[in-house]
Every structure is written in C-alpha cells, then in structure tokens.
Amino acid sequence: MADKLRLMTVHAHPDDESSKGAATTARYVAEGHEVMVVTCTGGEAGSILNPAMDRPEVIENLTEVRRAEMAEAAKILGVQHRWLGFVDSGLPEGDPPPPLPEDVFATVPIEVSTRELVKVMREFRPHVVITYDENGGYPHPDHIRCHEVSVAAFDAAGDPDLFHDAGEPWQPLKLYYSHGFSRKRMQLFHEALLANDMDSPYGEWLAKWDSTRPDPDERVTTRVECGGYFEQRDDALRAHATQIDPTSRWFAVPLDIQRELWPTEDYELVRSLVDTTLPEDDLFSGVQEKVCA
C-alpha cells in the first residue's frame, strides 16, 4: 500500500458529503488513506424532503436529528468529520429574493469563516482538498460561500503571515472542484432506463436544460474509478433520512447500469503544487512522489 495520504472535502450542509463524491472518499478510506469531511453549517434551515420523516418530533428536534444523521453517514463512509460551526443561510425565495439573515454562513465576514477552516486544515494537514466550483454546484448561497471560503483557506493555510493563532502553517498540494450534475451523464442514464423498459425521472429535467449552459463535464480533468463503493455511497445518502426520500430519483438507476455507463466520480483540478499529467484517474497523482521525495 502507498504511504498514507490525507484528503479533505469541504461541504455546505450535512448530506452534501454523501451526494457529492461519497464513493471517492469511501474508496480512499478503503485504500488506507485518511479522509476528513468538513461541514460548514448544521443544515438547520433545510426542509424535510422525505415524507416519512415529516413528523412533529423530528421537526421540533431537527438540528439534533441532522447531527445524528451526519454521524451515521460518516460512520458508513469511514471518514473523519468536523463541523465548522456556522448557521445554515437557507435558500431565499421570491422575486426579488429577500435578504439573508444576519450571522448566517453566507453573511458572516469571509475572513471569520476562512480562519475557522484554516484551523482545521492546519490541524488535519490535508494533501488534497475538494470543494465546489464558483457556482457552488448550484446557486445556494451557502454553496457559493463554501467555494469562496475553501479557496481562500487553501491559499492561506500555508502562509505564516496569515492567521497566526490558527496553528502551524500547512500547505495543501492540490485543490479540486467536484462536478456531479452532468447533462451527458444524465442523458446516458435516461436512455439506459428507457432501453430497459424502466421509468426515467430525467426526461423533464433534460427537456428543461438550458442549452446555453455549458455541461460541467466539459471541465472535468480527473475521473476517479469508484463503482465498487456505490453501495456505501447510497447507504450514506439514505442515512440523511430527513433530506433523502429512498424512493426518489437518487436511486432510480440500478447500480449495475451505473457501473457500466459511468463508474467514476469526476473532478476539476484547479490548483496543483505537484507535477501531474492530465487527464488523471487519481486525486493523489503527483502527491505520493512529492511527499516521499
């Protein structure tokens, strides 16, 4: 086995770690590496999206329930977990949308949240960091702020002149954006379901896809083979029972079809302090050589 390396994934809410890159993290844990999931908020403003969990005792204790769900998902994936401690900003609705509340993650001064993530980076000392792209994967204010904070912390963690009280400087070597909502992938699954005389939940979604919007798959530089860990991914996702309806489209495509058509999780390399050749099939490409040199 290669020397143990460290991967950190930074997410906005509990359940994001299971819907974005979970099979990748499970694979690297199985290979003996250390993985830490950082969750920026507690998901306090999330709606209950599973009708079976829409019960008074759940609604009254939603914060505690979501923390317990996150603990179970982390256990399933085998990852370490850290709460960054900020409050879910919610997704404002309306035209124009109302202003966000004060003192939520998206409105706290970015230097405050960056300092907290730098502290965790300097403690865990990741070689590789994954976050969202500049659009947040989708335009939730917490996802966009997660991107901003992650990039700022990646650049600041190794700078001895910044955040003096946040631990000894540590410079991660690679930064990736995760890309999961690909039109190409969705189209493949849609056609495969129809070809197997199965209902597809993707027809309406594909019909409404903005043709002027680039497919995120065009930005992918790195495809991590992880089909053998799709069961773990799905089990971790189901652990977030308030957010994930087990009858939803998350589970519409049989795993054998997924493994045949799209057995990878996909990323965009945006910062690298090591030599690597694109395209990649390993987030740690070039890191082992640098660390062991």
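The structure is a predicted model, in which local features need pLDDT of at least 70 and side-chain atom pairs count only at pLDDT 80 or more, while totals for chains, interfaces and linings use all residues. Residues are numbered from 1 along each chain as its sequence is written, and side-chain values use heavy atoms, with hydrogens and water left out.

The side chain of S285 reaches the backbone oxygen of D282 at 3.0 Å, a polar contact being a pair of N or O atoms within 3.5 Å; within protein, one must be able to donate a hydrogen and the other to accept it, and residues adjacent in sequence count only if both atoms are side-chain atoms. With neighbours within four places in sequence left aside, S285 is in contact with K174, V274, D275, T276 and E280, contact meaning heavy atoms within 4.5 Å.

## Loop geometry

The loop between β7 and α11 also holds P279, which is joined to L278 by a cis peptide bond with omega at about 0°. The C-alpha atom of L278 is separated by 40 Å from that of E93, and the two residues are 185 apart along the chain. E93 belongs to the loop between β3 and α5 and, at 68% relative accessibility, counts as exposed.

Positive phi values in residues other than glycine include that of F163, near 50°, and that of D197, near 55°. F163 is in the loop between α6 and β5, whereas D197 is in the loop between α7 (183–195) and α8 (203–207) and counts as exposed because its relative accessibility is 76%.

## Nonpolar cores

A nonpolar core is a set of buried Ala, Val, Leu, Ile, Met, Phe, Trp, Tyr and Cys residues joined through side-chain atoms within 4.5 Å. The largest such core has 27 residues, and those with the most contacts inside it are M8, V10, V38 and L117. Two or more residues come from each of β1, β2 (34–41), β3 (80–86), α5 (110–124), α6 (141–156) and β5 (174–179), with α6 giving the largest share, 6 residues.

Beyond four places in sequence, L117 touches M8, V10, V38, L84, V149, S150 and A153. Another core, of 25 residues, lies apart from the largest one, and V79, A239, Y267 and V287 are among its members.

## The cavity

A cavity is a set of points, on a 1 Å grid over the protein atoms alone, where a 1.4 Å probe fits but cannot get out, and its lining residues have an atom within 4 Å of a point. Grid points are joined across faces, edges and corners, and a volume is the space filled by probe spheres set on the points. The count comes to 1 cavity of 30 Å³ or more, and the largest cavity has a volume of about 40 Å³.

The lining consists of T9, H11, K20, G21, T25, I130, T131, Y132, S178 and Y267, and the elements that give two or more residues to it are β1 (6–11) and β4 (128–131). By class, 3 lining residues are nonpolar, 6 polar and 1 charged; Ala, Val, Leu, Ile, Met, Phe, Trp, Tyr, Cys and Pro count as nonpolar, Asp, Glu, Lys and Arg as charged, and the others, Gly among them, as polar.

Note on methods
On a 1 Å grid over the protein atoms alone, a cavity is a set of points where a 1.4 Å probe fits but cannot get out, and a pocket is an open set with protein on both sides within 12 Å along at least five of seven lines; lining residues have an atom within 4 Å of a point. Helices (H or I, at least four residues) and strands (E, at least two) are DSSP runs, numbered from the N terminus. Buried means under 20% relative accessible area, exposed over 50%, partly exposed in between (1.4 Å probe, protein chains only).
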